[in-house]
Structure formats: C-alpha cells, structure tokens
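Visitor: I have a structure to look at, and I would like to learn how to read it. Could you walk me through its features?

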Amino acid sequence: MNNKKVQVIAVNAMIAAVYAVLTILISPIAYGAVQMRLTEIIVLLACYNKKFIPGLTIGCLLANLASPMGLYDICFGTAATLIACLGMYYFKNVFVGAFIGGAVNGLIIGLELYLALELPFMINALYVFVGEFVVLVIGAILFKCLEKNKTLMNKYILE
C-alpha cells in the first residue's frame with residue numbers, strides 16, 4: 001500500500017474518531033427529535049473532497065452506536081449522512097451543502113422518528129431540518145473563512 005493511501009486511511013480514521021467522540025460528548029443535544037449535532041459541521045468536508053466521505057460516514061455510524069434510538073439511528077442516521085455527503089460532493093458548495101444536509105436529514109430522521117416512536121412525521125422532519133440547517137450554515141460560514149487559507153486548502157483539503 002502506498003504512502004498516499006495510508007495517509008487517506010489515517011485521515012478518515014481521525015475524522016471518524018473526532019465525529020464519534022464529540023457527538024457522544026454532546027449527546028443531550030445530539031440525539032432525538034430536536035437535535036443540534038454540532039459535529040455535523042465537519043460533514044461539509046464532503047463539499048471539497050470525496051476522500052472524506054468514508055470517515056464522515058463511519059464517524060456517524062460509531063456515534064449512532066451510542067444513540068438512544070438504537071438500531072434505527074444506526075441504519076437511518078448513517079444512511080442520511082452518507083446520502084447528504086454524496087449530495088454535498090456533487091454540488092461542491094458549502095451553502096448548498098447546508099441545505100442538502102438539512103433536507104436529507106430532516107426527511108430521513110423525520111421518517112426514523114415516525115417509525116420508531118410514532119411521532120408526527122412532518123413536524124419532526126421540520127425540527128430536524130431546522131436544527132441541521134442552522135448548524136450547517138454556521139459551518140458553511142466557518143469553511144468560507146478557512147477557504148482564505150490557501151495553504152490549508154491546497155495541502156490538506158483539496159489534494
């Protein structure tokens with residue numbers, strides 16, 4: 001295995017670990033009908049480079065192992081993150097990515113809450129969308145600031 005492949009695997013392992021650990025640390029606001037999963041900010045990395053998608057998806061999976069929603073969140077939540085990341089990569093714009101992340105998570109997690117807890121679909125999809133969208137817009141603003149650092153972008157994000 002060449003050095004570049006090892007580096008990509010190591011970066012994805014770090015992304016997955018950071019996502020999972022920080023999500024579990026903020027678990028009171030990271031799970032449930034009204035959630036502010038601040039760690040979702042890093043899913044915007046998918047807008048810049050597809051190489052980050054495995055780490056983001058695995059990080060979500062690991063975080064969802066601790067979810068009070070159990071298998072529902074492991075399946076639905078992880079699928080939502082993967083689909084959102086793929087959409088973000090396709091459009092390559094952090095503000096569009098914020099909308100995509102909000103919409104995908106709103107719909108899929110709204111469905112999860114409906115199936116698992118029999119909560120009303122529409123209102124919960126809206127709650128999840130709003131929480132996710134707010135977090136991702138904050139993240140989009142942060143990433144736009146980071147884009148000004150060309151060394152960071154060219155050496156670590158875009159390569």
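This is a predicted model: local features need pLDDT of at least 70, side-chain atom pairs count only at pLDDT 80 or more; totals for chains, interfaces and linings use all residues.

Visitor: What is the mean pLDDT of the protein chain?

Guide: The mean is 94, and 100% of the residues reach 70 or more.

Visitor: Which element has the lowest mean pLDDT, and which the highest?

Guide: Helix H7, residues 150-157, has the lowest mean at 84, while helix H3, residues 53-64, has the highest at 98.

Visitor: Now for pockets. How does one find them?

Guide: Rolling a probe the size of a water molecule over the atoms shows where empty space is left. In this model, the largest pocket holds about 160 Å³ of space.

Visitor: Which residues line the largest pocket?

Guide: Its lining is made up of Val11, Met14, Ile15, Val18, Ile42, Leu45, Phe52, Phe143 and Ile157. Helix H1, residues 3-25, gives the most to this lining, with 4 residues. By class, the lining has 9 nonpolar residues, with no polar and no charged ones.

Visitor: And helix packing? At what angle do the axes of H5 and H6 cross?

Guide: The axes of helix H5 (residues 94-117) and helix H6 (residues 121-146) cross at roughly 155° and come within 7 Å. Angles over 145 degrees count as roughly antiparallel, so H5 is roughly antiparallel to H6.

Visitor: What is the handedness of the crossing, and which residue classes make up the contact?

Guide: H5 passes H6 in a right-handed crossing. The contact of H5 with H6 has 20 nonpolar, 7 polar and 2 charged residues.

Definitions and conventions. Residues are numbered from 1 along each chain as its sequence is written. Side-chain values use heavy atoms; hydrogens and water are left out. pLDDT is the predictor's confidence in each residue, from 0 to 100. Helices (H or I, at least four residues) and strands (E, at least two) are DSSP runs, numbered from the N terminus. On a 1 Å grid over the protein atoms alone, a cavity is a set of points where a 1.4 Å probe fits but cannot get out, and a pocket is an open set with protein on both sides within 12 Å along at least five of seven lines; lining residues have an atom within 4 Å of a point. Grid points are joined across faces, edges and corners, and a volume is the space filled by probe spheres set on the points. Ala, Val, Leu, Ile, Met, Phe, Trp, Tyr, Cys and Pro count as nonpolar, Asp, Glu, Lys and Arg as charged, and the others, Gly among them, as polar. Axes are lines fitted to C-alpha atoms, for helices over the stretch in contact, and angles run from 0 to 180 degrees between N-to-C directions. Angles under 35 degrees count as roughly parallel, over 145 as roughly antiparallel, 65 to 115 as roughly perpendicular and the rest as oblique. A crossing is left-handed if the near helix is turned anticlockwise from the far one by less than a right angle, and right-handed if clockwise.
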